[in-house]
Amino acid sequence: MKKTIIIFVISALLLASIALWALKGKVAGNTRELLMTGAVFILVGFALFLGLSRVGSHLRKEPSEDEMSRRVMTKASSLAYYISIYLWLFIMYMSDRIWLPAHSLIGAGIMGMALVFLLCWLYVKVAGIRNE
């Protein structure tokens, strides 16, 4: 149950920081800011989905993570790891051609890794785990 509470706390902190940034910061409203904000909302939605499914399992007196969900998470994380390596190689290749500061590239890479994991989790969840 501690993991579930941490998921909700981190999601709330992310949403609060986005709200503070939008209210107090200089929001230009350009495409890059909209893409980053949209990606954050997608990832927070994914975290809330996982958190709510764990709460539902807890209320039904089931384990929050069973063997199948652990296997799906393991398979998705290993697939996302291999894809993320190529993502970082692509970012390194494009870093000379893009006029972004290094901290923005690193942030975009981390956000890309999270989105790659989300897409891999969706793929493994839909396609299933093949017998190996």
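Colleague: Where does Y123 sit?

Modeller: Y123 lies in helix α4. Keep in mind that we are looking at a predicted model.

Colleague: Okay. Is Y123 buried, exposed or partly exposed?

Modeller: Y123 is partly exposed, as its relative accessible area comes out at 44%.

Colleague: And which residues does Y123 touch, leaving aside neighbours within four places in sequence?

Modeller: With those neighbours left aside, Y123 is in contact with L79, G128 and R130.

Colleague: How far is Y123 from A76, C-alpha to C-alpha?

Modeller: The two are 8.0 Å apart in space, and 47 residues separate Y123 from A76 in sequence.

Colleague: What size of box do the C-alpha atoms fill?

Modeller: Roughly 50 × 40 × 20 Å, taken along the principal axes.

Colleague: How much of the protein counts as buried?

Modeller: 23% of the 132 residues.

Colleague: And what share of the contacts with a separation of 6 or more comes from residues 24 or more positions apart?

Modeller: That share is 74% in this protein.

Colleague: Back to α4. At what angle do α3 and α4 pack?

Modeller: Helix α3, residues 67-94, and helix α4, residues 102-127, pack at about 145°. Their axes are 8 Å apart.

Colleague: Is the crossing left-handed or right-handed?

Modeller: Right-handed, where α3 passes α4. Sorted by class, the residues in that contact are 19 nonpolar, four polar and two charged.

Colleague: Which residues make up the largest nonpolar core?

Modeller: There are 11 of them: F46, L50, V72, A76, A80, V116, L118, C120, W121, V124 and I129. Each of α2, α3 and α4 supplies at least two residues of this core.

Colleague: Which helix gives the largest share of this core?

Modeller: That's α4, with five residues. As a general point, nonpolar side chains tend to be buried together in soluble globular proteins.

Colleague: Pick out L118 for me. What does L118 touch, not counting residues up to four places away in sequence?

Modeller: On that count, L118 touches I42 and F46.

Colleague: Why does T37 count as buried?

Modeller: T37 counts as buried because its relative accessibility is 16%, and the cut-off for buried is under 20%.

Colleague: What about T31, buried or exposed?

Modeller: T31 is exposed, at a relative accessible area of 56%. The place of T31 is in helix α2.

Colleague: Where is L89, and how far is its C-alpha atom from that of L34?

Modeller: L89 lies in helix α3. The C-alpha atoms of L89 and L34 are separated by 25 Å, with the residues 55 apart along the chain. L89 is partly exposed, at 44% relative accessible area.

Colleague: New topic: how many salt bridges does a search of the whole structure find?

Modeller: One. E62 forms a salt bridge with R60, and the closest N and O atoms are 3.4 Å apart. In general, side chains of opposite charge can pair when their charged atoms come close.

Colleague: How accessible are those two, E62 and R60?

Modeller: E62 is partly exposed, with 39% relative accessible area, while R60 counts as exposed at 52%.

Colleague: What about K61, where is its place?

Modeller: K61 is in the loop between α2 and α3. At 76% relative accessibility, K61 counts as exposed.

Colleague: What's the phi of K61?

Modeller: Positive, about 60°, although K61 is not a glycine. For background, most residues other than glycine have a negative phi.

How values were computed
Residues are numbered from 1 along each chain as its sequence is written. This is a predicted model: local features need pLDDT of at least 70, side-chain atom pairs count only at pLDDT 80 or more; totals for chains, interfaces and linings use all residues. Side-chain values use heavy atoms; hydrogens and water are left out. A salt bridge is a side-chain nitrogen of Lys or Arg within 4 Å of a carboxyl oxygen of Asp or Glu. Buried means under 20% relative accessible area, exposed over 50%, partly exposed in between (1.4 Å probe, protein chains only). Axes are lines fitted to C-alpha atoms, for helices over the stretch in contact, and angles run from 0 to 180 degrees between N-to-C directions. Helices (H or I, at least four residues) and strands (E, at least two) are DSSP runs, numbered from the N terminus. A crossing is left-handed if the near helix is turned anticlockwise from the far one by less than a right angle, and right-handed if clockwise. Ala, Val, Leu, Ile, Met, Phe, Trp, Tyr, Cys and Pro count as nonpolar, Asp, Glu, Lys and Arg as charged, and the others, Gly among them, as polar. A nonpolar core is a set of buried Ala, Val, Leu, Ile, Met, Phe, Trp, Tyr and Cys residues joined through side-chain atoms within 4.5 Å. Contact means heavy atoms within 4.5 Å.
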